[in-house]
Amino acid sequence: MKINFGVKSLFLFLMLFILMANPVFAQRGRGRGRGRAKTRIIGLPITGKYRDPESDQYYRNTNGAKILTASHFDFEYVLGHKVAFLCVARGSPRPQITWYKDGGEIFQHLYMHIHEWYIGEDKVKSKIEIDPATQQDAGVYECTADNMYAIDRRSFKTDFAINFD
């Protein structure tokens with residue numbers, strides 16, 4: 001029995017063989033398991049340390065902003081009632097908290113108030129209050145804490161419910 005490969009078939013076969021034999025292309029993606037991948041990113045050291053000590057010290061700094069407490073991920077509010085969202089962060093220097101809704105920064109207005117308290121030298125607490133809540137207040141909110149060493153974010157989704165008394 002004679003097998004006749006065309007030029008295209010032979011070329012595709014050779015390309016597939018070359019790609020599979022090259023370790024850069026042969027690395028596997030994320031599988032079903034929850035374990036860590038067995039392959040590493042080419043170019044980064046196995047140790048996880050940075051090439052120069054200044055970069056290593058900067059990125060591994062324990063004074064980076066960290067959110068300690070934030071509102072729940074999925075929140076349902078009643079139309080016409082008061083809604084409050086909370087975010088507490090720590091870091092040195094003290095982080096700054098910024099609020100976002102659907103990707104845009106939130107600013108205080110007549111029906112939305114943003115309160116902020118400094119706790120000690122390294123902690124900040126921020127709260128948004130919306131009163132009365134309307135349909136337009138539904139969306140994805142994000143609390144972002146940042147200082148010169150790190151940025152930490154928490155997002156949560158809100159939707160409204162209609163309460164029939």
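Student: Does Cys87 count as buried or exposed, and at what relative accessibility?
Tutor: The model is a predicted one. Buried means under 20% relative accessible area. Cys87 therefore counts as buried, its relative accessibility being 0%.

Student: Which residue does a disulfide join to Cys87?
Tutor: A search of the whole structure finds one disulfide. A disulfide is a covalent bond between the sulfur atoms of two cysteines. Here the S to S distance is 1.7 Å, and a pair of cysteine sulfur atoms within 2.5 Å is taken as a disulfide. The residue joined to Cys87 is Cys143.

Student: How many residues apart are Cys87 and Cys143, and in which strands?
Tutor: The link of Cys87 and Cys143 is left-handed, with -65° about the S-S bond. The pair connects distant parts of the chain. Cys87 belongs to strand β3 (residues 83-90) and Cys143 to strand β8 (residues 139-146), and the two are 56 residues apart.

Student: Why does Cys143 count as buried?
Tutor: The threshold for a buried residue is under 20% relative accessible area. Cys143 counts as buried because its relative accessibility is 0%.

Student: Which residues does Phe85 touch, not counting residues up to four places away in sequence?
Tutor: Phe85 is among the residues with the most contacts inside the largest nonpolar core. With residues up to four places away in sequence not counted, Phe85 touches Ser71, Phe75, Trp99, Ser126, Lys127, Ile128, Ile130, Tyr141, Phe156 and Thr158.

Student: Which strands are the edge strands of the open sheet of four strands?
Tutor: The sheet has the order β1-β3-β7-β6, with antiparallel pairing. Neighbouring strands are turned by 20° against each other on average, direction ignored. Each edge strand pairs on one side only, and these strands are β1 (66-70) and β6 (112-119).

Student: Which residue in β7 does Tyr118 stand opposite?
Tutor: β6 and β7 pair in the antiparallel sense over eight bridges. The residue in β7 that stands opposite Tyr118 is Val124.

Student: What pattern does the protein chain follow along the sequence?
Tutor: The protein chain contains three helices and nine strands. Read along the sequence, the pattern is α-α-α-β-β-β-β-β-β-β-β-β.

Terms used. Residues are numbered from 1 along each chain as its sequence is written. This is a predicted model: local features need pLDDT of at least 70, side-chain atom pairs count only at pLDDT 80 or more; totals for chains, interfaces and linings use all residues. Side-chain values use heavy atoms; hydrogens and water are left out. Buried means under 20% relative accessible area, exposed over 50%, partly exposed in between (1.4 Å probe, protein chains only). A nonpolar core is a set of buried Ala, Val, Leu, Ile, Met, Phe, Trp, Tyr and Cys residues joined through side-chain atoms within 4.5 Å. Contact means heavy atoms within 4.5 Å. Two strands pair if DSSP finds at least two bridges between them. Axes are lines fitted to C-alpha atoms, for helices over the stretch in contact, and angles run from 0 to 180 degrees between N-to-C directions.
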